[in-house]
Amino acid sequence: MEYNTQKTQLHMPEYGRIIQQLVERCKELPTKEEKSEMAMAIIDFMGQRNPQLRDEENYKHKLWDHLFILAEYDLDVDSPYPFPTREELAEKPKRMEYPKLQGDFKFYGKSILQLIEKAIELEPGDEKEALIEVIANNMKKSYNVYNKEHVTDDVIFRHLKELSENRLDLTGIESLEKSKIYYTSNNNNRNNNSSRSNSNNSNNNKSQTNKRRHNNNNNHKNRK
């Protein structure tokens with residue numbers, strides 16, 4: 001009896017020993033043409049054994065890379081893709097840098113910084129003023145949620161000015177609650193909700209009226 005510990009080590013266990021044996025057999029073929037033909041057949045077999053790879057982008061390229069790994073980076077065949085080297089696969093990915101916010105303003109999030117940059121790029125006008133007010137309102141909500149305490153508008157104005165490096169300024173507005181964008185959006189929501197409520201009430205009244213008419217007709221028929 002031959003134990004797995006006595007067999008050659010699997011370079012990619014997810015493909016199993018049969019595919020690795022086919023790759024080893026491919027390397028022993030005498031000509032490059034024969035090796036290339038068998039390599040194509042092995043690629044098709046690998047795709048059948050691992051159909052989940054077909055959902056990934058460039059899955060054919062990945063199969064050829066895996067074939068080269070199974071061959072221990074030593075396979076003389078015609079490949080539609082360049083083979084990777086040991087050094088390339090052993091290279092560790094670069095460390096990702098987390099977005100940094102100025103000072104102690106991490107609770108505002110990266111999206112606020114992106115909106116601030118967008119507002120800075122806009123030309124002066126109603127669109128720019130509306131976006132600045134939206135940013136300030138969202139900053140106030142984020143501050144209240146994170147710090148679990150009420151914040152005054154002047155604090156938000158100061159933070160916005162600092163985050164924008166003095167390029168955005170709301171000191172001309174008395175308060176965020178009185179800004180046009182704040183009240184317009186809330187009034188629209190109230191009007192929409194009121195319209196839906198009136199529509200539902202109207203439909204209910206019509207339904208009740210139809211039911212009464214239906215019942216009256218049935219009673220009239222029964223009397224006859």
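Rings of Phe, Tyr and Trp (its six-membered ring) are taken to pair if their centres lie within 6.5 Å, and planes under 30 degrees apart count as stacked, over 60 as edge-to-face and the rest as tilted. The structure is a predicted model, in which local features need pLDDT of at least 70 and side-chain atom pairs count only at pLDDT 80 or more, whereas totals for chains, interfaces and linings use all residues. Residues are numbered from 1 along each chain as its sequence is written, and side-chain values use heavy atoms, with hydrogens and water left out.

A search of the whole structure finds 7 aromatic pairs. The ring centres of F68 and F83 lie 4.1 Å apart with their planes at 0 degrees, so this pair is stacked; F68 belongs to helix α3 and F83 to the loop between α3 and α4 (86-90), 15 residues apart, with helices (H or I, at least four residues) being DSSP runs numbered from the N terminus. Relative accessibility is 8% for F68, which therefore counts as buried, and 22% for F83, which counts as partly exposed (buried means under 20% relative accessible area, exposed over 50% and partly exposed in between, with a 1.4 Å probe and protein chains only).

The rings of F107 and Y146 are likewise stacked, with centres 5.1 Å apart and planes at 20 degrees. This pair links the loop between α4 and α5 (110-121), which holds F107, to helix α6 (residues 126-147), which holds Y146, across 39 residues.

Methods. Helices (H or I, at least four residues) and strands (E, at least two) are DSSP runs, numbered from the N terminus.
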